[in-house]
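Q: I am new to this structure. Could you take me through one of its helices and its neighbours?

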Amino acid sequence: MSLRKRIVLSLALISLILVAPAAYGVWSLSALQDVARNLRFRAAEASLTLGQLQRALSDVEYSERVYLAFPSEEQESRREVEAGLARVDTALANLRTTGFAAQVQPTARRWAELKAAIHQTNELAGSGQVERADTFRARVLEPRFAAVLATLPPIGQAIDSASQAQVVRAQDIATRAITTTALALAAALALTVLIGGWLTRTLLRPIHELRRGMAVVAEGDFAPNVRVNTRREDELGDLARSFDSMTRQLSELDR
């Protein structure tokens, strides 16, 4: 192998060794970015949506009370009830899209029962049967409101658990990245020093020997005993063979 190829391959190997820890660091940063994105768009959005769901349920309950208490304002109160129902449906749909569909299922079932009871109560009130509507509310509607609200804490716990899991994952990634990158850099530096030392020895020792031989020849000794392998298949081998040939010819001329 020529000296130029040896130098190029050595430099390429050193570059590869130094690039490997940097590549791992970039991968670790990308993983941390994914964790941050999950915390931001999944857990944070789910927490916000859960709060919106709780407020929407409170609004529905309040609007339903107003609807039954003030029959004269039926149209406006009923619109507010329907708007609240729509907000609850939207909040449940958003919670499903944030990755908590399994936790939302009990709430969705209880909500379907509650919504049916709300419509039945409104039909009774709308047909003038206000007393029956009040009785139905106390006997059916209020327990179903309580049943829906009882399903919300497990959703909040699931969101908190998911957030905590993401935080733990981020800590693990960061710790592993720091440790691995430090070890990889130490190993890379050690290998770089070894390769650099080998390359320096490969280049400088033959040159030093040839320079010493030139000094000996200049003093009139045509047998300098230069310790350079003349069978090397690179530029230094060519130089060593040329130097050996020169010293033989000078020795013959001297004789």
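A: Helices are DSSP runs of H or I of at least four residues, numbered from the N terminus, and the expected span of a helix is 1.5 Å times one less than its number of residues. This is a predicted model, in which local features need pLDDT of at least 70. Residues are numbered from 1 along each chain.

Q: What should helix 4 span, and how far apart are its end C-alpha atoms?
A: Helix 4 (residues 152–218) has 67 residues and should span 99 Å; its end C-alpha atoms are 96 Å apart, which agrees.

Q: Where does helix 4 bend?
A: A bend of about 25 degrees lies at Arg201, taken as the angle between axes fitted to the seven residues ending there and the seven starting there.

Q: And what comes just after helix 4?
A: Gly220 follows, with a positive phi of about 100 degrees.

Q: How do helix 4 and helix 5 cross?
A: Their axes, lines fitted to C-alpha atoms over the stretch in contact, come within 11 Å and cross at roughly 15 degrees. Helix 4 is therefore roughly parallel to helix 5, a term for angles under 35 degrees.

Q: Which residues of helix 4 and helix 5 meet?
A: With contact meaning heavy atoms within 4.5 Å, those in helix 4 include Leu203, Ile207 and Leu210, and those in helix 5 include Leu239, Phe243 and Leu250.

Q: Switching to helix 3, which of its residues meet helix 4?
A: Val148, Leu149 and Ala150 in helix 3 meet Leu152, Pro153 and Pro154 in helix 4. The axes of helix 3 (residues 130–150) and helix 4 come within 4 Å.

Note on methods
This is a predicted model: local features need pLDDT of at least 70, side-chain atom pairs count only at pLDDT 80 or more; totals for chains, interfaces and linings use all residues. Side-chain values use heavy atoms; hydrogens and water are left out. Helices (H or I, at least four residues) and strands (E, at least two) are DSSP runs, numbered from the N terminus. Axes are lines fitted to C-alpha atoms, for helices over the stretch in contact, and angles run from 0 to 180 degrees between N-to-C directions. Angles under 35 degrees count as roughly parallel, over 145 as roughly antiparallel, 65 to 115 as roughly perpendicular and the rest as oblique.
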